[in-house]
Amino acid sequence: MGGTAGLRERKKAETRQAVHEAALRLTVEHGLDNVTVEAIADAANISRRTFSNYFAGKEDALLYGDEHMHDILVRRVREQPPDRSAWLALRGALESLFDEHDGPDREWHIRARLAMRHPSLLARQLANRIQLENDLSEAVAGREGAADPRLVAAAFLAALRVATQRWCSEDETRPLQDVITQSLDELAAPFT
């Protein structure tokens, strides 16, 4: 029975990823305003009803890649050695995320640019980041140097946001990881 549940979860993850990729491709090709849920479902070879089982709308499908990375980042923070400070746990988790997922840069760039141009995506992305901030603050609570875990998580995410904007404005001339590392170093410099 466990094998069936594992297979079912893998199939769900594959479907979710296929819908995300279809939404991203269609939005790049036709623009967000010209893409419908029906078109995304057709491109992913699923029904409209199946689409609704996975996503509330096209914005959610487009930003799934971010949400997936958020989940992994939070899990990686929780896996950091307990003696690491909150800040170092966040940085270590991000480094392991980049090591494991070599090259999320292109999709990240596309999603970031789309969000900057479309208020509906930006609003959804902001809601996702608020949830991520809450999840990260819970993950670092109780660690050394986390007197206010929300502040540490918010500062960390602010550095990521600024780095992503910087990276997009540079048209990917450097790897995203390098730009993020630079931003995190700049933020931490006054405190070290």
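1. A13 sits in helix α1 (residues 2-30). Helices here are DSSP runs of H or I with at least four residues, numbered from the N terminus. A13 is partly exposed, with a relative accessible area of 37%. The classes are buried (under 20% relative accessible area), exposed (over 50%) and partly exposed (in between), with a 1.4 Å probe and protein chains only. From A13 to E100 is 87 residues in sequence and 18 Å in space, C-alpha to C-alpha.

2. A word on the source. This is a predicted model, in which local features need pLDDT of at least 70 and side-chain atom pairs count only at pLDDT 80 or more, while totals for chains, interfaces and linings use all residues. Residues are numbered from 1 along each chain as its sequence is written, and side-chain values use heavy atoms, with hydrogens and water left out.

3. Which residues have the most contacts inside the largest nonpolar core? They are L73, V77, L94, L136, F156 and I180, in a core of 32 residues. A nonpolar core is a set of buried Ala, Val, Leu, Ile, Met, Phe, Trp, Tyr and Cys residues joined through side-chain atoms within 4.5 Å. Six helices each supply at least two residues of this core: α5 (64-79), α6 (86-100), α7 (105-117), α8 (119-140), α9 (149-169) and α10 (176-188). The largest share, nine residues, comes from α9. In soluble globular proteins, nonpolar side chains tend to be buried together.

4. Take L73. Leaving aside residues up to four places away in sequence, L73 touches A93, L94, L97, L136 and F156. Contact means heavy atoms within 4.5 Å. There is also a second, separate core of 22 residues, including V37, I110, A115 and L121.

5. Now the charged pairs. The whole structure holds 10 salt bridges, each a side-chain nitrogen of Lys or Arg within 4 Å of a carboxyl oxygen of Asp or Glu. One of them joins E38 and R48, with the closest N and O atoms 3.4 Å apart. E38 lies in helix α2 (residues 37-43) and R48 in helix α3 (residues 48-54), so this pair ties together parts that are 10 residues apart in sequence. Both ends are partly exposed: E38 has a relative accessible area of 43%, and R48 has 39%.

6. R124 pairs with D60, the closest N and O atoms being 2.3 Å apart. Because R124 is in helix α8 and D60 in helix α4 (residues 58-62), this bridge ties together parts that are 64 residues apart in sequence. R124 is partly exposed at 28%, whereas D60 is buried at 13%. Shared partners join D60, E67 and R124 into one salt-bridge network.

7. R174 and E170 form a further salt bridge, 2.9 Å from N to O. R174 is partly exposed, at 27% relative accessible area. E170 is partly exposed too, at 23%.

8. Where does the largest pocket lie? L122, Q125, L126, R129 and R161 are the closest to its centre, among 14 lining residues. The pocket holds about 300 Å³ of space. On a 1 Å grid over the protein atoms alone, a pocket is an open set of points with protein on both sides within 12 Å along at least five of seven lines, a cavity is a set where a 1.4 Å probe fits but cannot get out, and lining residues have an atom within 4 Å of a point. Points are joined across faces, edges and corners, and a volume is the space filled by probe spheres set on them. Helices α7, α8 and α9 each give two or more residues to the pocket lining. α8 gives the most, six residues.

9. Two cavities reach 30 Å³ or more. Of its 14 lining residues, H70, W108, R129, L132 and L160 are the closest to the centre. Helices α5, α6, α7, α8 and α9 each give two or more residues to this lining.

10. The second largest cavity has a volume of about 60 Å³. R91, L94, E95, F98, Q177, I180, T181 and L184 line this cavity. α6 and α10 each give two or more of these residues.
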